Amino acid sequence: MITREEIANVLDHPVYDGDGNKIGDAKHVFFDDMTGRPEWVSVKTGMFGSNESFVPIRDAALVQDHLEVPYRKDQVKDAPNVDVDAGGHLSETEEHRLYDYYGINWDSVLSEAERTDDGRWAAGAGTAQAGGAAGTAGTAGTAGYQDTSDRTGMRDDAMTRSEEQMHVGVERRESGRARLRKYVVTEEVQQTVPVSHEEVRVEREPITDANRDQALSGPEISEDEHEVTLHEERPVVDTETVPVERVRMTTEERTENETVRGQVRKERIEAETEATTDDDDVRRGRT
């Protein structure tokens, strides 16, 4: 069980479950009105610590620089949301609901409170005093606590001032998808190629001694014909598939600055002075 002296080592420190998983950071510690013992710790969970989940602290242990609780991380994060009143108290109904969620017997809690001799311990930022609802817990402040008196009757003249600090983290999530898709299109292409063809040309040559024998080899007068085959070229189109390039997709990470705004609470401490005049009038002032 966590003692009151160890509370300062609990607040704003990590809270882990029994399997070593970090649940969040301890935010507040609540004390039982009847016993004055630490009863609950609220843990900041969710994105940027936006939620607070209540966890029983009676079976928790302080290990080095963090708090370990015997409950699973998902169980703590799914704990019922409860309201804390303006005085920093859990109502009996809210606390009863939390005990039922964590499987803690409510009758055993009442029995333990009845065995306590008195309720002389008071919370530093709440009003957890005896005489309230049985078992109702009071808050210990945002990040610290102060006893109004100890068992020996000694009074502490110091007051702890605390404030909240905002811690901003990032989470990675899916923002979209990109894909490569290949499809076929038909395009008109044009290419000029040279083609040739044969044409008939009549050549005439005079009779000479060199061709006289060929010229006189036939009959003197006759009819005859001579045929020549003409040729021409025509374009022939053929296609072949050839690889021309490879296309792939890669991702590159760009870092941009984004401003995150939030609200934090701070405690302020004011000193009040009283001065008594000769005629027993009391003057009050603040510094």
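## The surroundings of Tyr102

Leaving aside residues up to four places away in sequence, Tyr102 touches Trp40, Phe54, Val55, Pro56, Tyr71, Gln75, Val76 and Ala79. A contact here means heavy atoms within 4.5 Å.

The structure is a predicted model, in which local features need pLDDT of at least 70, side-chain atom pairs count only at pLDDT 80 or more, and totals for chains, interfaces and linings use all residues. Residues are numbered from 1 along each chain as its sequence is written, and side-chain values use heavy atoms, with hydrogens and water left out.

## Confidence of the model

The predictor's confidence in each residue is given as pLDDT, from 0 to 100. For this chain the mean pLDDT is 77, and 76% of the residues reach 70 or more. Among the elements, strand β1 (residues 14-16) has the highest mean pLDDT, 91, whereas strand β7 (residues 137-139) has the lowest, 42.

Over residues 117-154, pLDDT stays under 50, and the model has 108 contacts beyond four places in sequence for these residues. Where pLDDT is low, the predicted coordinates should not be read in detail.

## Overall architecture

The chain contains four helices and nine strands. These elements are DSSP runs numbered from the N terminus: helices are H or I runs of at least four residues, and strands are E runs of at least two. Their order from the N terminus is β-β-β-β-β-β-α-α-α-β-α-β-β.

Of the contacts in the chain with a separation of 6 or more, 58% are between residues 24 or more positions apart. The chain has 287 residues, of which 25% are buried. A residue is called buried under 20% relative accessible area, exposed over 50%, and partly exposed in between (1.4 Å probe, protein chains only). The chain exposes about 23,200 Å², and carbon and sulfur atoms supply 44% of this area. Such areas come from the Shrake-Rupley method with a 1.4 Å probe; for residues, only the protein chains shown count as cover.

## The largest nonpolar core

A nonpolar core is a set of buried Ala, Val, Leu, Ile, Met, Phe, Trp, Tyr and Cys residues joined through side-chain atoms within 4.5 Å. The largest such core has 29 residues, and those that touch the most other members are Trp40, Val41, Val55, Leu67, Val69 and Tyr102. At least two residues of this core come from each of β2 (22-32), β3 (38-45), β4 (51-56) and α2 (92-101). Strand β2 gives the most, with five residues.

## Buried polar side chains

Strand β2 also holds His28. This histidine is counted as buried because its relative accessible area is 9%. The side chain of His28 makes a polar contact with the side chain of Glu52, at 3.3 Å. A polar contact is a pair of N or O atoms within 3.5 Å; within protein, one must be able to donate a hydrogen and the other to accept it, and residues adjacent in sequence count only if both atoms are side-chain atoms.

Thr45 is found in strand β3. Its relative accessibility is 3%, so Thr45 counts as buried. The side chains of Thr45 and Ser53 make a polar contact at 3.5 Å.

## Salt bridges

A salt bridge is a side-chain nitrogen of Lys or Arg within 4 Å of a carboxyl oxygen of Asp or Glu. A search of the whole structure finds 13 of them. One joins the side chains of Asp25 and Lys22, with an N to O distance of 3.6 Å. Asp25 is partly exposed, at 21% relative accessibility, and Lys22 is partly exposed at 40%.

Another salt bridge pairs Arg172 with Glu253, their closest N and O atoms being 3.6 Å apart. This pair links distant parts of the chain, 81 residues apart: Arg172 is in the loop between β7 and α4 (212-215), and Glu253 is in the loop between α4 and β8 (272-276). Both Arg172 and Glu253 are exposed.

## Residues with a positive phi

Most residues other than glycine have a negative phi. Asp12, although not a glycine, has a positive phi of about 65°. Asp12 is found in the segment before β1 and is partly exposed, at 44% relative accessibility.

Gln64 is likewise not a glycine, and its phi is positive at about 55°. Gln64 lies in the loop between β5 (61-63) and β6 (66-68). With a relative accessible area of 76%, Gln64 is exposed.
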